[in-house]
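Visitor: I'd like to learn how to read a model like this one. Could you walk me through it, feature by feature?

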Amino acid sequence: MTAKLLYEEISSIERLSERIYMMRIKSEHISKSSKPGQFVNIRCCEGNELLLRRPISICGTDIQKGTFDITFMVKGKGTQYLSQRKPGETLDIIGPCGNAFELSENYKNVLVAGGGIGIFPLLYLADMIRHSNKCSLIGFKSSSEIVMLDRFKTCSNKVGVCTDDGSAGEKAFVTELLEKELNGKIKWDIIYACGPYEMMKKVHMLSAEHGIKCQVSLEQRMGCGIGACLACACKIKCRGSKGWTYKHVCKDGPVFYSSEVIWE
Amino acid sequence: METVKKRIKPDLNIEIMGLKFKNPVIAASGTFGFGREFSKFIDPGLLGGIALKALTLEPREGNKPPRIAETPSGILNSVGLQNPGIEYFLKNELINVKKYNTVIIANIAGNSISDYCGISKKLSATSVEAIELNISCPNVKEGTVFGSTPEGVYEITSRVREVCGKPLIVKLTPNTADIAKNAMAAERAGADAISLINTILGMSIDIHTERPVLNANYGGLSGPAVKPIALRMVHQTASCVKIPVIGMGGIMSGDDAIEFILAGASAVMAGTANIVNPTLCYDIIMGIERYLSDKGIKSVKEITGKLVMN
Ligand SMILES: Cc1cc2nc3c(=O)[nH]c(=O)nc-3n(C[C@H](O)[C@H](O)[C@H](O)COP(=O)(O)OP(=O)(O)OC[C@H]3O[C@@H](n4cnc5c(N)ncnc54)[C@H](O)[C@@H]3O)c2cc1C
Ligand SMILES: Cc1cc2nc3c(=O)[nH]c(=O)nc-3n(C[C@H](O)[C@H](O)[C@H](O)COP(=O)(O)O)c2cc1C
Ligand code: FES
């Protein structure tokens with residue numbers, strides 16, 4: 001699990017939609033040691049203009065071929081730089097970083113709920129859960145941003161898709177699909193969620209109402225990505241007079257039980 | 001035929017404040033933690049020294065996130081001195097950090113002069129090699145109050161000096177009218193060295209949310225963006241004081257470090273560099289060695305302040 005500083009070769013890059021790219025990167029170390037929920041921290045410039053690494057979730061691995069995948073949406077200069085890379089070029093990467101989702105053979109029925117770029121780590125997760133009944137609920141802004149749907153279908157027993165504008169799947173939020181599943185017949189053992197803050201907060205509230213365990217993967221702006229600079233703070237419950245403390249997304253997370261998080 | 005100059009292995013050792021450093025590159029406070037995380041990437045024993053994350057009397061939670069933003073060739077931070085407090089450090093971290101074969105500098109901060117004195121007293125009884133007085137953090141209100149005027153610098157430095165049994169470094173803020181005057185005040189008050197610069201107060205705005213990126217609104221700018229300002233301030237300071245100057249601000253390479261040394265620094269610190277790449281300090285050391293070796297200079301000490309002004 002230990003993160004290393006690596007210079008790894010890009011083996012392929014594919015444009016999945018207007019702004020979303022999937023990149024396959026050769027890395028013995030990361031393909032062997034990573035777990036769903038972990039991320040890599042990538043340098044996104046050659047000189048010193050963009051100093052901060054960009055955290056991107058690991059979206060899958062191929063241990064035989066010694067590769068791992070990332071999928072990212074172009075947002076600003078860093079992800080744009082990544083989108084313009086070519087196979088054969090090398091990237092300066094630290095990884096695998098952070099902790100992982102907790103998997104257990106005891107979880108017979110699992111719900112996976114993702115919104116937007118939050119679905120990428122969840123695909124890796126759904127893929128690695130082998131012995132459970134899996135229902136994946138994924139939400140996008142609109143049909144033009146739908147990616148990875150087939151892959152979710154392959155590795156889940158059921159998939160629910162929704163868009164904010166109704167251009168594909170149901171016109172709904174992921175949390176509405178989730179509520180329906182929670183009110184259905186199946187007794188769910190755990191919910192795994194990743195997506196926008198407000199979505200995860202709602203997922204947490206639903207999980208609490210239904211008394212179901214829930215793990216979320218948080219986002220925060222990062223510096224070092226290795227737990228030293230203390231930039232990526234998040235409020236987590238603890239014993240003591242205040243009842244909370246600042247933990248760090250890059251080291252203590254990104255995955256937390258939603259019941260530990262102080263939602264604001 | 002041209003005669004090839006015999007390459008020599010230059011001497012990187014320096015001695016300042018009565019302490020020996022194996023090379024002049026020290027990890028800057030707040031960017032290297034207490035060394036634990038970095039030790040997985042780089043042997044801290046390769047560094048000249050480590051300035052630890054700022055310590056306060058009581059534990060501090062620091063500021064609300066977001067605490068970091070990227071600006072052109074720079075970063076803005078508003079971590080706000082999050083730390084577990086001096087007692088926790090002495091009990092749980094000191095033993096570990098002392099295992100690294102390098103000079104350990106404790107960076108201290110507080111709300112009042114008596115806070116600074118209290119921590120200094122406690123640290124004086126330990127094995128840390130030196131104390132760096134952080135009277136310049138822009139991310140908390142109190143610190144800069146002491147650090148921004150010569151009178152303030154003099155008062156806090158002299159009071160800490162009375163109780164401090166270790167070499168004392170005073171770290172200056174660039175957010176001030178005349179940094180050289182503050183440096184001279186620290187020297188008069190008994191400081192053993194000056195370090196500068198801490199971060200420059202700055203701001204970054206998200207035009208879509210129409211709000212500052214940092215939750216604290218303002219934050220401290222560091223990285224290559226501040227280097228020209230830092231160099232000028234190090235030069236002005238080194239020209240005015242006799243005690244050694246430790247220069248920092250945007251050092252990312254051996255060549256950057258050489259600029260600071262020529263400007264008058266006896267040693268340098270690198271902060272943002274560690275955040276960019278956990279092994280960059282080592283590259284800086286190697287870069288200094290290469291420069292000296294290429295020039296046939298025997299010791300890094302020879303070039304401190306060697307700058308010729310136009
Ligand atoms: C643990 C983790 C995993 C992530 N996984 C993925 C993923 O698999 N796919 C994907 O497309 N995106 C992912 N993100 C979000 C991704 O890091 C940002 O979209 C990216 O950093 C934006 O960089 P930029 O230069 O394009 O944008 P800019 O807005 O120009 O970036 C400016 C600065 O803000 C930071 N920043 C901006 N947005 C975010 C954000 N949402 N989270 C954290 N920092 C941000 C950048 O890192 C950079 O330092 C993840 C974020 C985290 C924290
Ligand atoms: C994330 C971060 C945290 C910092 N924390 C401290 C601190 O606790 N105490 C301190 O004296 N300086 C602190 N600094 C300032 C640095 O030690 C250094 O003075 C400054 O960043 C300029 O050097 P650089 O450009 O090499 O980073 C911090 C800087 C950064 C970027
Ligand atoms: S990014 Fe530095 S501690 Fe998390």
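Visitor: Let's start with the backbone. Where does Met148(A) lie?

Guide: Met148(A) is in the loop between strand E9 (133-140) and helix H4 (149-155) of chain A. Helices (H or I, at least four residues) and strands (E, at least two) are DSSP runs, numbered from the N terminus. Met148(A) has a positive phi of about 65°, although it is not a glycine.

Visitor: Before we go on, what are the ground rules here?

Guide: This is a predicted model, where local features need pLDDT of at least 70 and side-chain atom pairs count only at pLDDT 80 or more, while totals for chains, interfaces and linings use all residues. Residues are numbered from 1 along each chain as its sequence is written, chains are lettered from A and ligands numbered from 1 in the order in which they are written, and side-chain values use heavy atoms, with hydrogens and water left out.

Visitor: Back to the backbone, then. Which residues does a cis peptide bond join in chain A?

Guide: Gly95(A) and Pro96(A), with omega about -5°. Pro96(A) belongs to strand E7 (residues 90-97) of chain A. Chain B has a cis bond between Leu196(B) and Ile197(B), with omega about 10°. Ile197(B) is placed in the loop between strand E10 (193-196) and E11 of chain B.

Visitor: How should I read a sheet?

Guide: Strands of a sheet pair through backbone hydrogen bonds, either parallel or antiparallel. Here two strands count as paired if DSSP finds at least two bridges between them. In chain A, seven strands make an open sheet with mixed pairing, in the order E11-E10-E9-E8-E12-E13-E16. Strand E11 (170-171) and strand E16 (255-257) of chain A are at the edges with a single partner strand each, so one side of each has no neighbour in the sheet.

Visitor: How many bridges join E10(A) to E11(A)?

Guide: Two, and the strands run parallel. Cys162(A) is opposite Glu170(A) in E11(A). In chain B, strand E14 (residues 218-222) pairs with strand E6 (residues 74-77) in the antiparallel sense over three bridges. Four bridges join E14(B) to strand E11 (residues 200-203) of chain B, again antiparallel.

Visitor: Now the ligands. Which residues come nearest to ligand 2?

Guide: A residue is near a molecule if one of its heavy atoms lies within 4 Å of it. Of the 23 residues around ligand 2, the nearest are Ser29(B), Lys171(B), Gly223(B), Gly250(B) and Thr272(B).
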